[in-house]
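Hi,

Here is the structure I promised to pass on.

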Amino acid sequence: MTNFYLRIPKPLRRAGLLALLLGGTAAAAQAQALNYAAAGASAVSGTYADLGTSGTAIATANTDDANSAAQPIGFTFSYNGASFTQFVLNTNGVIRLGSAAPSAADLYYNNDANGQNGVDPLQSTSAADINLLMPFNTDLVPGSGAGGVDYRVLTSGTAPNRVCTIQWRNVADKPGTGSDAANGTQYANFSFQLKLYETTGTVEFVYGQAVPGSAADGTRFPNVGLKGLGQAVGQVTLATKTASVAWNATTFQNSNYTNHANDITKSVTPAPGLTYRFTQAAQLANDIAIQAVYTLGKIATPSALPQPVQVYIANLGTADQTNVQVTLKITGANTQNFTGTLASLPAGAQGTLTLTNLPATLNLGTDSVRVSVPADGNNTNNTAVVTRLVTTNRLSYIDPGKPANGALSYSSNSAGGLLVTKYTIPAGNTVTLADALISFANVTGNPTTAYQVVVYDATGTGGTPGNLLYAAPNQNRPAAGGDVTTTLPALQLTGSFFVGLKEIGNTGAGIATQAETPLRTGVFYYSGDGTAWNDAAATTLQVRFAIEVGLAPAPSCAVPTGLAVTAASATTATVTFADAGNAGSYQLIYGPVGFQPATSGTTVAATASPFTLTGLQSGATYQLYARTSCTGGGTSLLAGPVTFSTGCPAVTTVTDFPYVQNFDNVPAGSALPCGITVLDANADGTTWAITKTTPNSSPNAIRYTSTIPSSPAADDWFFTPALTTTATTRYQVAFRYRAEGIPGSASSFIEKLEVKAGATATPADQTTTLYTNINITTTDYALADGTSTPVVATFAPGAGTQYVGFHVISSANQGNLYVDDLTIMAAAVTATTSAALLQAVTVFPNPSTTGLFDLEIHGANAKGALGVQVTNVLGQAVYTGTARDNYTNRLDLSGLAPGFYHLQVRNGEETMTRQLAISK
């Protein structure tokens, strides 16, 4: 099986789809089908006769990317229901019939999937990119042949049997760029012709000698074939083959490219005279086609039911159709018949019919799903059949009655690509995920690519992937392919969600696929970075992904009802709920807003309602879920979430470090987080305040706001809560800051900030200067810590109470200053503690919500690797490794449970110890 990659120069929305219900009305008429059927196309032996100086040279502005002026054919040529006497030549091996030029001079599929050059005529929906004939459409430049590039046209013979020959002589495919940079020129010199026959309407592509290039074998994907008024099925007739297949073994199709174009490589060249011949077929008046049936290949009953069945139908004939009867017949484990009438289906119309009145329960077993229309002028396309397996707990789009016939990878950058499949649970139903099964193809080279199974919700724009709900640990695909099942946490989901994989690195995962033409929209997506998602149906990739989902059994006990938080203090919350089953055993799960209860949060056992949660963070906002512990084992589905907030204590004192303030937890009715105070020392009416504008970490930052354009010199403070410090500890401050302006460009203002520490939250007692920066112009958040420039000093105040103050001292008429993600870390001082090492080491973020930390070490003067050890509260080593000086080291503790840990960094006999916090 051959491994292929997404052919995605520019994602475009599929044109011409209709959203119709059985018995609904049809859309406006479109063009009739292109009357060059794949069955009438062939690859035959012939003779290539170079035009020499015969005919007329065709002038172009250059020999790279250019369109010519309109050229005469020499007779009237009938194509796609229209008559043409002229054509426009494009240097990239394509013509457009008529007097108008295509939409672009760089008209070709771009091999570099990350590039933005080239307009692929088979993807373009431009009205200018129609009636195209493509004998060898790729990015072409002058070849190595004697005499140089020549474009020429000759009309020969006598009416009514004249032939128009259009020739590209001495061209070469352009060397690769971007992700295609490894591929050099495959055909160093190539000549080919396009022939139009007057009476028959036959089109021929005749190929001359192809001279292999000097670069290594690489694959290019030329467009070869005919295009009518669009890229939908019935509007194209294309030649397709893999790079290793001989040209005379090419096959043809009436749909856009899926797995392969007319792929080439230097080691496989056409025999001189090889000809692709396209003959016109008589256009049928009555030809309705069932082109695809969309349903699940594996479907879970009853939790995932009902699921709609969709039919892609097209009128390929020349006559408008009315009262078209469409029949759905299901046989096997389930027996059902549905008949609907489509009131109108104009010639050329095509789109999706949706049948929604389907049962909410099914019998287990295998079904045959058959959709048909009555007999007409072409009965070969009146029926489509798919197989469906009804299960208790499996979801998949792969048809179990057909084998996988392709392999898919999408590695767009060093971080790897993502391929995901969308599943939708009907309204009112809830499921719990159990596993994901990925089927890998047996691809050339037996790769063992690393990958992660990922789960997303569907909160992205237009129902695309939104929040990442879970990413499994890395694992490697089997070298020879096969099925791999990955256990998932008990993610409780309703509505739509996505399951897929992320390729680690850029070598490709090669998951198995099945062809589907046209591919259903809004189901199969790809992304290079996990933020910008594209629908595979809008590309030439027309395949289903072999990504299957397993569901957990339905719980055996009832969900708690009436979940509520009836009271909350600074550190406690009273929870009430009811359970009709009177199980007497419950679980309460709480965490920050947006947390995933299946993978994070804090779980406590409760035996009755009401129940009081203790040990909560003051001034914080939480979400709460509840579930019943079933007497027969397992748990119920979740109730919730319920959102609640804790208040501030009468006096806020920090005794545990690190102290983290991201300014996101602001108690209801308060203007500032617990313990944070501000001082408008110059009494100008403006000072530090919470803002939702451009935080470093959402949703809030703290901002000093100037009264631009007539502001006085700034003199404003914000202070931390009281910090209880000890004599044997040093303390390190870290924070993010930025000035006002458009990110990525320098600010129009110059801000000034000093950070101090002292025994009280007053300017007079802020006597220790930790940081001074009088030239803040960055509009992107910068990190200030012990390794930044300028550095934030480590301070050792002794036993007692300290406050850290942030003092903005900008000159008059300046702008706004932002601070976010403040952390104060503590490091115990021992006999081996190094002051230099304390200053050199910074850990960020701390706490971490993922268990991933950036361990920045700068200026430790280490002669080799530094030792790194992490211990838990029992003193047990849970991580041992090394780190580099003058480098940002990644510390991966994602496998550890939430809680506090101690980090020790050793440089010879010197050590530095700092507390870490993981708060998943």
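Predicted model: local features only at pLDDT ≥ 70, side-chain atom pairs only at ≥ 80, totals over all residues.

Residues are numbered from 1 along each chain as its sequence is written, and side-chain values use heavy atoms, with hydrogens and water left out.

A search of the whole structure turns up 16 salt bridges (a side-chain nitrogen of Lys or Arg within 4 Å of a carboxyl oxygen of Asp or Glu).

One of them joins aspartate 50 to arginine 169, at 2.6 Å from N to O. Aspartate 50 sits in the loop between strand 3 (41-44) and strand 4 (56-57) and arginine 169 in strand 11 (residues 163-173), so this pair ties together parts 119 residues apart in sequence. Strands here are DSSP runs (E, at least two residues), numbered from the N terminus. Aspartate 50 is partly exposed at 37% relative accessibility, whereas arginine 169 is buried at 17% (buried is under 20% relative accessible area, exposed over 50%, partly exposed in between, with a 1.4 Å probe and protein chains only). Both residues also belong to a salt-bridge network with Asp150 and Arg152.

Next, aspartate 173 and arginine 220 pair up at 2.8 Å, N to O. Aspartate 173 is in strand 11 and arginine 220 in the loop between strand 13 (203-212) and strand 14 (223-227), so parts 47 residues apart in sequence are tied together. Aspartate 173 is buried at 2%, and arginine 220 is buried at 2%.

Lastly, lysine 756 meets glutamate 754 at 3.8 Å, N to O, and both are buried.

Cheers

Notes: Helix = DSSP H or I, 4+ residues; strand = E, 2+ residues; numbered from the N terminus.
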